[in-house]
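Thanks for making time this morning. I would like to walk you through one structure, going from a sheet to an interface and then to the salt bridges.

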Amino acid sequence: AQKITQTQPGMFVQEKEAVTLDCTYDTSDQSYGLFWYKQPSSGEMIFLIYQGSYDEQNATEGRYSLNFQKARKSANLVISASQLGDSAMYFCAMREYTGRRALTFGSGTRLQVQP
Amino acid sequence: EPEVTQTPSHQVTQMGQEVILRCVPISNHLYFYWYRQILGQKVEFLVSFYNNEISEKSEIFDDQFSVERPDGSNFTLKIRSTKLEDSAMYFCASRALAGAGTDTQYFGPGTRLTVL
């Protein structure tokens, strides 16, 4: 079964608008971490934001915020005020603390920011 | 800002040859990982390494693969006899043991391996 599901293979957004990238996850662990990484066309994986399963507040890092809904098992990434440089692949990932401790990635969403 | 580095950035090899991919993790990190990403696909976990031994490995990480920390700074992935399906981007990642943000794995820029 898919541990991490990203249902949007591609998204378009206008520059300066906000965009939400969806991520749902499946785990029986009570303790886990959720991550978002950005992969530009150059190929590197850039860490964006982290949310722990016990964190009561949604994580924020600059223009990135994570909309964490534990009961729905979703961890959507919100990018505010999109910039052209935000065009990239975005991967949601999860680390379980009693199951597999390495990251399990989703299939990614390609975001294109249009001027 | 400290970062994970990987060499080479691109490696081309003939099927059946051995390759060694090199990584220098962030200096105070103690957990090390290898992942791979076949072109157009998701990132897949290969192996994790802590305290000079493998702590976890995936079903992909078979006897053709090995990892080593030959000195205090390098972390290597060896593929003994490469196959066409080993062509992928290979990422090294590292994580701190304790302190703020310890759960985050920081990735290197990757090595693109092409097996002909």
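Before I point at a residue pair, let me say that two strands pair if DSSP finds at least two bridges between them, and that strands here are DSSP runs of at least two residues, numbered from the N terminus. Please also keep in mind that this is a predicted model.

With that in hand, look at B:Phe65, whose bridge partner in strand E8 of chain B is B:Ile79. This pair belongs to the contact of E7(B) with E8(B), the latter covering residues 75-79, and the two strands run antiparallel to each other over 4 bridges. Stepping back, they are part of an open sheet of 4 strands in chain B, with the order E1-E3-E8-E7 and antiparallel pairing. The edges of that sheet are formed by strand E1 (5-7) and strand E7 (65-68) of chain B, each of which pairs on one side only. On average, neighbouring strands in this sheet are turned by 20° against each other, if direction is ignored.

Let me move on to where the chains meet. How many residues of chain A are in contact with chain B? There are 20 residues of chain A in contact with 20 residues of chain B. The size of an interface is often given as the accessible area lost when the parts come together. Here, the area buried between chain A and chain B is about 1600 Å², and carbon and sulfur atoms give 52% of that.

As for specific contacts, there are 6 residue pairs in polar contact across the interface of chain A and chain B, counting pairs with both residues at pLDDT 80 or more. On the chain A side, strand E5 (32-39), strand E6 (46-52) and strand E10 (88-96) each supply at least two residues that touch chain B, and E5(A) gives the most, with 4 residues.

Over all chains, the salt bridge count comes to 5. One of them joins A:Asp26 and A:Lys73, with the closest N and O atoms 3.9 Å apart. This pair links distant parts of the chain, 47 residues apart, with A:Asp26 in the loop between strand E4 (24-25) and E5 of chain A, and A:Lys73 in the loop between strand E8 (64-69) and strand E9 (74-79) of chain A.

Definitions and conventions:
Residues numbered from 1 in each chain as written. Chains lettered and ligands numbered in written order. Predicted model: local features only at pLDDT ≥ 70, side-chain atom pairs only at ≥ 80, totals over all residues. Heavy atoms only, no water. Axes fitted to C-alpha atoms, helices over the stretch in contact; angles between N-to-C directions. Contact = heavy atoms within 4.5 Å. Buried area = accessible area lost by both parts, 1.4 Å probe. Polar contact = N/O pair within 3.5 Å; in protein donor to acceptor, adjacent residues only side chain to side chain. Salt bridge = Lys/Arg side-chain N within 4 Å of Asp/Glu carboxyl O.
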